[in-house]
Amino acid sequence: MASSEANDRQPAHSGLVVGLLLLAYIFNFLDRQLLAILKIPIKAELGLSDTQLGLMGGIAFAALYSTLAIPFARIADRRGRVPVIAAAVAVWSLFTALCGLGQNFWQLFAMRMGVGIGEAGGVAPSYALIADSVPQERRARSLAIFSLGIPLGSALGLVAGAWLTVHLDWRYAFAVIGLAGLPIAWAIRRFVPEAPHIAGGPPTATFAPPAATFGDVAGRLARKPSFWLLSFGAASGSICGYGLGFWLPSYFVADLHLSLTDMAFYFASIVLIGGSIGIYLGGRIADRLRVTSIGADAGVPAVAFLLTAPLYAAAMAAPSLAIAWPLFALPYMLSLVWLGPIVSAIHRLVPPTERATASACFLLINNLIGIGLGTFLFGFLSDQLKPVYGAASLHYSILLGLGFYVVAATLCGLAAIRLKRDIVDTTQQ
């Protein structure tokens, strides 16, 4: 009887965990995407180059975000996920607000590093908390729901950033949106219960520390080819994903001649609708196909990545904004299909007590390459192509960068073949 009651409580427990973590992830990407639109007035006021903006949006954030994710994940695995996540939300929110005080490139660079420090403690422990709280048959779907924070937060960042900039100032935009994240940190610390160790079991108040050292976890992952294929496959897709997310607003303003506000609503609708559908369907399809195909967590993203590059190229050749909208929305949808399936696959490579650390190892590769290289690469190529293509240099920079989606599709396809041999005993999942 007690066991039945515990199982009845599980959906509500899981829903609370996923719901509040989703809210935090919305603010995570709201703070990230904010710079993508505010860089337009920042560039005009501070006289920055595209390369400087790419560095500020990329390596300034990614360097500490990626590397500190591992020690923060170890703390989360040993002492509990919830306090680490709550502290992370508070730190990145405060540094986002402080960006409004920046007077030059280096000050903004330093503040963005602070945002990266905060966000380093958010994602990997959240992945692990969800995986520990949700049964395997619903895990990719739940991780996909959590990942809806990407399009929701990105869309809100575009619209809110444009509105606040037009009606107030870009500095106020940073301050208002940054400080708005602090109540979320309090709510997570106050209301989210710590997860059980065995996914699908009843919530418990205890949290036993894992026996495995970081070296044990890293060594276990390093011996599995599917980990490397999945990580570098996702990273290749993220080079384009973060690069396009950062530079398409500038493309819409410069090439399509949209005002800041019109661009924000145009791009936000693409991000919100296309991204939400892609992330959710990716998790649902992978959960369904995994019943008969263990490699579905890698195969589904491989197909999606392969279709993304030519569709983006077609969108950029569209003769009108109306025709371009669905052509941009479809590849944006496909480009985010990977989130639920690949993270779920990474969790299947290790025992439950090592999930936060495994997530951090994956995120180290994905984010250091994806964020660090993506935003910089598109901006650098744009500056280098200006002597030849002039004002159209960003257009050609984006077209060249789409080749990374083909690389991502190839690596994920290879991972689908190998994944069956690398997953740990399913009785541990």
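Mentor: Start with a cut-off: a residue is buried when its relative accessible area is under 20%, exposed when it is over 50%, and partly exposed in between. Bear in mind that the model is predicted.

Trainee: Why is Ser382 called buried?

Mentor: Its relative accessibility is 1%, and the limit is under 20%, so Ser382 counts as buried. Ser382 belongs to helix α18, residues 355–389. Leaving aside residues up to four places away in sequence, Ser382 touches Asp50, Ser393, Leu394 and Ser397.

Trainee: What makes helix α2 mostly covered?

Mentor: Helix α2 spans residues 50–57, and six of its eight residues are buried. Those six are Asp50, Thr51, Leu53, Gly54, Met56 and Gly57.

Trainee: What makes Ile273 part of a surface patch?

Mentor: A patch residue needs over 30% relative accessible area and no salt bridge, and nonpolar side chains are joined within 5 Å. The nonpolar patch consists of Leu272, Ile273, Ile277, Leu281, Ile285 and Leu289, with about 460 Å² of accessible area together.

Trainee: Why is the contact between Arg171 and Glu45 called a salt bridge?

Mentor: The rule asks for a side-chain nitrogen of Lys or Arg within 4 Å of a carboxyl oxygen of Asp or Glu. For Arg171 and Glu45 the N to O distance is 3.0 Å, so the pair meets the rule. Arg171 sits in helix α10 and Glu45 in helix α1, 126 residues apart. Arg171 is buried at 16%, while Glu45 is partly exposed at 44%.

Trainee: How many salt bridges does this rule give?

Mentor: The count is five. Another one joins Arg348 and Asp297, with the closest N and O atoms 3.2 Å apart. Arg348 lies in the loop between α17 and α18 and Asp297 in helix α15, so this bridge ties together parts 51 residues apart in sequence. Both Arg348 and Asp297 are buried.

Trainee: What separates Lys386 and Asp383?

Mentor: About one helical turn, because they are three residues apart in helix α18. Lys386 is partly exposed at 36%.

Trainee: Which residues have the most contacts inside the largest nonpolar core?

Mentor: Tyr127, Ile188, Leu244, Leu248, Phe252, Phe328 and Phe362, in a core of 130 residues. Helix α1, residues 2–46, gives the largest share of this core, 17 residues. Apart from it lies another core of five residues, among them Val300, Ala304, Met333 and Leu334.

Trainee: How do you know that the radius of gyration agrees with a compact globule?

Mentor: A compact globule of 429 residues would have a radius of gyration near 22 Å, and this protein has 21 Å, so the two agree. Buried residues make up 59% of the 429. The protein has 20 helices and zero strands.

Key. Residues numbered from 1 in each chain as written. Predicted model: local features only at pLDDT ≥ 70, side-chain atom pairs only at ≥ 80, totals over all residues. Heavy atoms only, no water. Patch = residues over 30% accessible without salt bridge, like charges linked within 9 Å, V, L, I, M, F, W, Y side chains within 5 Å. Areas by Shrake-Rupley, 256 points an atom, 1.4 Å probe, with all protein chains shown as cover. Buried < 20%, exposed > 50% of the residue type's maximum accessible area, 1.4 Å probe, protein only. Helix = DSSP H or I, 4+ residues; strand = E, 2+ residues; numbered from the N terminus. Core = buried A, V, L, I, M, F, W, Y, C linked by side-chain atoms within 4.5 Å. Contact = heavy atoms within 4.5 Å. Rg over C-alpha atoms; globule rule 2.2 N^0.38 Å.
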